[in-house]
Amino acid sequence: MKRHLVILGAQWGDEGKGKVVDLLSADFDMVVRYQGGSNAGHTVMVGGEKFVLHLLPTGILHQHTAGVVAQGMVVDLELLVKEMEELQQRGLKVWDRVFISDRAHLVLEYHKLLDSLFERKGKIGTTLRGIGPSYMFKYGRRGLRVCDLQDPDRTYKIIKENIEFVSDMCEKVYCENHKLDAGEIFERTMENYKKIRDRVADTTRLLLNFGGRVLFEGAQGTMLDIDMGTYPYVTSSNASALGLSNGTGLPPRYFSEANFWAVSKAYTTRVGEGPFPTELEGREGELLREKGGEYGATTGRPRRCGWLDLVALKHAVDVNGLDGLIITKLDVLDAFEEIRVCTAYEVDGELIDHFPASLSLLQKVKPVYKTFRGWQRDTRGAKSLSMMPSEALEYIDFIQEYLHVPVVMLSTGPKREEYFWLYEPVGKEL
Ligand code: IMP
């Protein structure tokens, strides 16, 4: 194993990264989130207790780790403080282990308002957490950063100007008046800032000077990446490996010391709008949703479900330069008589085996399936290869052969201990 590890989502998010990161971070000293914000919902079961983390890196649940909220994230300070306080109240001393980048941008009330207004025209199905508008302000060079909060006058000025801009937009584009009070938003922001002020750091320097092992925790998934995903039905950050360098401020060379692994379910889900070639709309889709408990951790929305799409997964392997895949929720397929995987797309009688950029093309593709016999046996909680039905192993073998990437681990249930390695990583801890 290399010194550092990157864990990414290989699909449209919700692959089960929370559990995997929680498990693997036991062997790392620092855990880092570097893109997205409270749109993420990473669920972990520890000792029968359920934790859902939205902003903090999941690995913070281990007492020995330090956690970084890096510069590429957009941070809802109120939620961050709440998340830290709640963990603290539940007996997990996180406060002194969290470092928040001074370069991270903030999500404020007016971003959330814009998120809901934008959704009325050209719906994306966002989480309404203000993520897109906050990145929009960042790239439009009118964002408010954590470091700005050191200077209350500057903070107030930025908030005030932004509110004028947003109010104008509400009035002129949406013909609506929204009461946004600059003074109130400013006060609340400063109150929250005072609570975390001593946790703010130049996290790039912190990481550059850190001698231990670091785990980088991607949020959402490759197919929701702003550049490589199903644009415009994506999130507003680089949720693939492409986001690592700008999200952390670390030079690309740093990551030559990292392994790149991604998590994929044994089938596919997505929430929100957008293309989903292998979506199942009938009874099979409902069965996947029901068995897999496929409801959003952040919004509670029912997830759309379908068969595993190897064309999309190969795209994730290539874009991220993966050297390992972790498969979760294979047990959800236990009851199926037949299981299908998509091996190519068909468009107007022609076969394509790569994931197209064009939305118009994606809307026309039809999946070409290979059918597998189901195993119809309980695999939940399996702890070794010998406990797996041969049909399930055939399924896994096919996936790794198609993708040319080893499946390194199978997660066989939500609990920390429900997993096993298929390929024992060389080198001490892991
Ligand atoms: P946003 O990130 O809230 O702007 O939402 C954009 C798209 O990404 C929507 O389709 C959301 O459902 C999806 N999305 C955002 N975060 C997550 C996540 O953590 N898991 C799965 N889908 C997500």
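Predicted model: local features only at pLDDT ≥ 70, side-chain atom pairs only at ≥ 80, totals over all residues.
Residues are numbered from 1 along each chain as its sequence is written, and side-chain values use heavy atoms, with hydrogens and water left out. Local features need pLDDT of at least 70 and side-chain atom pairs count only at pLDDT 80 or more, whereas totals for chains, interfaces and linings use all residues.

**View 1. The salt bridge between R416 and D22.** The structure holds 26 salt bridges, a salt bridge being a side-chain nitrogen of Lys or Arg within 4 Å of a carboxyl oxygen of Asp or Glu. In the pair R416 and D22, the closest N and O atoms are 2.7 Å apart. Because R416 lies in the loop between β19 (407-411) and β20 (419-421) and D22 in helix α1 (residues 17-24), the pair ties together parts that are 394 residues apart in sequence; helices (H or I, at least four residues) and strands (E, at least two) are DSSP runs, numbered from the N terminus. D22 is buried at 0% relative accessible area, while R416 is partly exposed at 24% (buried means under 20%, exposed over 50%, partly exposed in between, with a 1.4 Å probe and protein chains only).

**View 2. The salt bridge between D76 and K112.** The closest N and O atoms of this pair are 2.8 Å apart. D76 lies in the loop between β6 (74-75) and α2 (77-89) and K112 in helix α3 (residues 109-118), so the pair ties together parts that are 36 residues apart in sequence. D76 is buried, at 5%, and K112 is partly exposed, at 32%.

**View 3. A network of salt bridges.** D14, K265, E294, R303 and K329 are linked in this network.
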